[in-house]
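Dear colleague,

I am passing on the structure we spoke about, followed by an account of what was found in it. Please read it with the sequence at hand.

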Amino acid sequence: MAAVNADERALIERSRRGEIAAFDQLVRAYEKSVYNTAYRLAGSYDDAADIAQEAFVRAWNNLKSFRGDSAFSTWLYRIVTNVFLDDRKRKRARPQRSLDEAVALDESSVTRQFEGGAPGPEEMAEGAERRMVLERAIQSLPDAQRIVIVLYHSQGLSYDEIAEITNLPMGTVKSKLNRARLALRDRLAPMAELFSE
Amino acid sequence: MDCKNWRERASDYIEGALETSETAATREAMRRHADQCAACRADESALRLLSRELNVLPAAEPPLFFRENLLAAIERGDHGAKRPSAKPFWGWQSLLPSLGRTAFGTLIAGGACAAVLWSIAFPRTGADAGSYVVGGPLAGLLPGLAGDTGDPSHVSDPETEAARLRIGRVTTILPVDGPVYDFSLWLENADKGTARFQLIGDKRAYRFNLGSGMAPQTLRVPLAAAQGGSTINLGVHWTADGKSHEKQLFVPVPRTDDRAPERKQSFGLPETTLLSAAKEIAARYGTPVTLEDLTADVVGERIMVNARHETASETLRRNLAGRGLKVTVSGAGVLVTPQEESAR
């Protein structure tokens with residue numbers, strides 16, 4: 001993760017002054033990593049879209065408080081993880097699902113109409129099944145462990161960067177990562193043959 | 001070195017990242033323990049595999065038009081966003097008193113822009129059932145809406161309270177990013193629902209939550225979504241109070257030449273699916289075509305379409321005769337629905 005370079009600094013400055021075209025360039029640069037982080041944390045495309053959008057809106061609203069001490073991406077990741085945690089808090093306070101969610105979650109019904117045919121056998125190949133099981137296991141982790149796992153593995157960040165994003169000491173980051181991996185390993189143990197080589 | 005200690009250091013050991021203060025002796029102790037302890041040995045290989053799998057989880061693609069709609073939300077001040085300092089469009093007054101908010105500015109250049117200006121200046125409207133409006137900002141509500149069966153003389157039946165997804169269209173020009181269509185959507189006769197938009201053939205979607213008490217939502221679609229073609233092809237999967245519906249919209253984009261399409265045309269299409277034929281009709285006539293609540297089988301049916309100096313609706317009506325489909329038309333385009341409608 002590079003430090004803020006001159007071009008990016010200029011875009012941030014212009015965005016701070018309210019220039020949306022400059023902010024557009026920043027969004028282009030970071031939308032994939034912000035969305036992917038949100039998706040790996042939230043576990044659903046729809047929640048991820050809401051989290052990613054809110055993260056960028058918060059970033060836009062709070063650009064004045066970005067001082068350039070850390071990389072812009074670090075600042076953004078911090079916002080995404082905070083939005084995720086706020087979202088989790090909200091959901092815990094309001095656990096009922098809407099009637100339409102169950103219908104809306106059936107995304108395959110839209111694609112089926114235009115792509116034709118049911119998913120082929122290759123779709124349920126071991127790799128895909130492993131991935132699904134792993135994704136579900138990540139979703140079962142406590143929030144803090146989930147964040148560290150996602151930032152480290154999905155976003156490829158270093159311990160240093162994760163420590164900055166989460167405001168935790170490096171030792172704590174390492175031990176959370178360790179505990180998260182062991183927890184995943186334990187949860188996946190019943191499916192050992194799926195995960196053995 | 002016992003199992004508990006081993007597990008505490010497992011991650012670092014696997015990554016070769018044990019603290020430098022931990023000597024080679026510790027690493028050696030870890031290795032020796034794993035050699036002797038089957039459980040920890042199993043853990044080591046599971047953790048190594050797990051790490052690899054975690055590293056290669058594929059990246060998820062952002063939703064369709066995520067960036068465009070994020071910026072549009074910021075421009076409007078939605079979701080508590082601070083308004084930008086300079087608005088990207090200026091100059092022209094809104095030409096849509098009822099839908100309100102389109103403004104146009106001076107344009108940098110471009111044939112597409114000229115065509116849109118043309119269509120603003122010379123809209124094609126008419127009182128008869130075959131009329132349509134050429135693309136652009138004067139298009140009002142797309143067909144398939146509450147009370148709008150396409151027959152101008154139709155009076156909305158107050159007893160018919162089927163849930164409806166209303167979609168209105170407003171064109172916005174943004175010289176920086178290229179022209180876009182803003183579609184406003186809202187739900188009628190239902191408490192809550194969702195709408196999921198896709199470009200036909202693309203897996204990514206943009207989703208909205210809708211509700212009777214909510215203000216209309218806006219979907220921004222860049223005209224570039226036409227991908228060089230003459231239409232933007234949208235599939236909408238929408239739900240209301242637990243029931244789901246499908247809609248396909250073919251929305252023409254402004255032409256790069258200065259001519260408006262002929263209202264009555266003659267041509268023959270090679271055999272194709274109803275879906276493709278609808279798209280082709282929208283493109284040739286420059287009028288939106290909507291397919292509503294047709295099953296995948298019907299939409300995929302092969303048909304031959306020809307036009308004999310006919311309007312878009314006349315062409316469709318004649319070519320689709322006998323298939324249990326109804327073709328209706330309004331000032332905003334052509335609508336194809338199943339003949340036996342549950343409520344309308």
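The buried residues of helix H8(B) are covered by parts of chain B that include helix H6 (274–285) and the strands E10 (289–292), E12 (306–310), E13 (325–330) and E14 (333–338); helices (H or I, at least four residues) and strands (E, at least two) are DSSP runs, numbered from the N terminus. In H8 (residues 312–319) of chain B, the buried positions are Ala312(B), Ser313(B), Thr315(B), Leu316(B) and Asn319(B), where buried means under 20% relative accessible area, exposed over 50% and partly exposed in between, with a 1.4 Å probe and protein chains only. Seen down the helix axis, these buried residues of H8(B) fall within an arc of 160°, so they line one face of the helix, the arc being that of the directions from the axis to the C-beta atoms.

This is a predicted model, in which local features need pLDDT of at least 70 and side-chain atom pairs count only at pLDDT 80 or more, while totals for chains, interfaces and linings use all residues. Residues are numbered from 1 along each chain as its sequence is written, chains are lettered from A and ligands numbered from 1 in the order in which they are written, and side-chain values use heavy atoms, with hydrogens and water left out.

Chain A comes to ten helices and zero strands, and 50% of its 197 residues are buried. Among contacts (heavy atoms within 4.5 Å) in chain A between residues at least 6 apart in sequence, 68% join residues at least 24 apart.

Turning to the interface, the contact takes 69 residues from chain B and 58 residues from chain A. The two chains bury about 5,500 Å² between them, 57% of it given by carbon and sulfur atoms; buried area is the accessible area (1.4 Å probe) that two parts lose on being put together, summed over both. On the chain B side, Leu54(B), Leu57(B) and Arg196(B) lose the most area to chain A, together 11% of what that side buries. Eight salt bridges are found across this interface, each a side-chain nitrogen of Lys or Arg within 4 Å of a carboxyl oxygen of Asp or Glu. Arg196(B) also forms a salt bridge with Asp46(A), with the closest N and O atoms 2.9 Å apart.

Finally, the structure holds zero disulfides over all chains, a disulfide being a pair of cysteine sulfur atoms within 2.5 Å. Cys3(B) is in no disulfide, and the nearest cysteine sulfur, that of Cys37(B), is 3.6 Å away. Cys3(B) counts as partly exposed at 34% relative accessibility, whereas Cys37(B), at 13%, counts as buried.

With best wishes
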